[in-house]
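Student: I should like to learn how to read the side-chain contacts in a structure such as this one. Could we begin with the aromatic residues?

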Amino acid sequence: MMKARVPEWLNSTLWSSKSPPVDERLHQCSPKSSTPTISAAEPPRVEPPLPQPPPKLIIQEPSTPQMTDPRGDDHRNSPSSLTEDISRQTQLLAELSKKTIDMHELRRLASQGIPDGVGIRPTIWKSEVTRRIEKSAGIENNESCEGSGLLPRSEITHGEHPLSLGKTSIWNQFFQDTEIIEQIDRDVRRTHPDMHFFSGDSSFANSNQEALRNILILFAKLNPGIRYVQGMNEVLAPLFYVFKNDSDEKNAASAEADAFFCFVELLSGFRDHFCQQLDNSVVGIRSTITKLSQLLKEHDEELWRHLEVTSKVNPQFYAFRWITLLLTQEFNFADSLHIWDTLLSDPEGPQDTLLRICCAMLILIRRRLLAGDFTSNLKLLQNYPSTNISHLLYVADKLRVKSTR
């Protein structure tokens, strides 16, 4: 039997560069646990920031503390990178300023990465989530829309508040379930311990932790079939961080409500992955992992055969965390936001895009995987090496183009 030939584009010099060293700080996981634990020796606390806005733009300084870019000053101050960010930021601002926004063009620009600052990212993320809800309800009829992209607001009385502790409140019974609340408290405290935004003894960090806690408790109450599953805090964190750091103080003040709204909508497409009873169904996590395996076989059969047949690396050993946590634990926080720009900007939804990015992650380190055995490959995949995110997304997009031929 003849071996399937490796596609010509896989022999490109794009992957000829020396693979970077494995980052030992990345957490390992097993299919039964999707939230990493804190090690005894914690790394220095470093924060992904909102970089300084480009010249000639008058911006209101946000009231929340500013963080430093974990990628360093060299990356931020690179002339080519700065020029590219300024150009894309100008195009995004111009599109958002229109009375009728071309959503196709807006998504195209956003999928290339949204520059930090000036409130662009939170506005686009909210508009994409809102657009999907309107489309599912049959409201949206074209690729243009009018409005500011803000989420609707509503006021509720104290007696009707879902977190009311009043004796007559039907919500009060929820707080008798101490086990799930304790689990949420533990996971919230573990959320990005290297970032002062989420961790520490400051009132600012404590208020952010309290917001995460409220959102997760309310989600568990509204979804009794799923409740809370370990790792949901990692999916919530990017949403709340982006909305809380909105340069518009009015929007930032509503970060908790906005994050809850978008968290519920985002998880609506992935909630079956968190339901153990559905693990073996066509919508469960095992079915999704099988789709990733088939995608790899379609684009690189040699690598697929080496991983699953020769070295017998079960995709569940690494892909379970990749998929359920939407890659939030495989890259640094700033790079995760870049990946989410692409996930949330895909008109087909984030599910297929997520699988293409996971497949591209395997292809980018194919040489190291082909040279490795079970032990070395499993360690590499559970501690994915640092990589160029723009190049990763480029390869993932090429997989989409090839699949449509």
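Tutor: F197, F198, F204, F240, Y241 and F333 form one aromatic cluster. The model is predicted, so local features need pLDDT of at least 70 and side-chain atom pairs pLDDT 80 or more, whereas totals for chains, interfaces and linings use all residues. Residues are numbered from 1 along each chain as its sequence is written, and side-chain values use heavy atoms, without hydrogens and water.

Student: How is an aromatic pair described?

Tutor: A pair of aromatic rings is described by the distance of the centres and the angle of the planes. Rings of Phe, Tyr and Trp (its six-membered ring) pair if their centres lie within 6.5 Å; planes under 30 degrees apart count as stacked, over 60 as edge-to-face and the rest as tilted. By this rule the count comes to 13 aromatic pairs. One of them joins W125 and W340, a tilted pair with 5.9 Å between centres and 35° between planes.

Student: Are W125 and W340 buried or exposed?

Tutor: Buried means under 20% relative accessible area, exposed over 50%, and partly exposed in between, with a 1.4 Å probe and protein chains only. W125 is buried at 2%, and W340 is buried at 1%. A further pair is formed by Y241 and F333, whose ring centres are 4.9 Å apart with planes at 80°, so this pair is edge-to-face. It also links distant parts of the chain, with Y241 in helix α7 and F333 in helix α13, 92 residues apart. Y241 is buried at 2% relative accessibility, and F333 is buried at 8%.

Student: How much of helix α7 is covered?

Tutor: Twelve of the 13 residues of α7 are buried, among them F240, Y241 and F243. The expected span of a helix is 1.5 Å times one less than its number of residues. For α7 (residues 232–244) this gives 18 Å, and the end C-alpha atoms are 18 Å apart, which agrees.

Student: Which charged residue sits over the ring of F243?

Tutor: A charge sits over a ring if NZ of Lys or CZ of Arg is within 6 Å of the ring centre and within 35 degrees of the ring normal. The charged end of K126 has this position over F243, 5.1 Å from the ring centre. K297 is placed likewise over the ring of W304, at 4.5 Å from its centre.

Student: How many salt bridges are found?

Tutor: Side chains of opposite charge can pair when their charged atoms come close. A salt bridge is a side-chain nitrogen of Lys or Arg within 4 Å of a carboxyl oxygen of Asp or Glu. The whole structure holds 15 salt bridges. One of them joins E105 to R108, with the closest N and O atoms 2.7 Å apart.

Student: Why can residues three places apart point the same way?

Tutor: An α-helix has 3.6 residues a turn, so residues three or four places apart point the same way. E105 and R108 are three residues apart in helix α3 (residues 103–110).

Methods
Helices (H or I, at least four residues) and strands (E, at least two) are DSSP runs, numbered from the N terminus.
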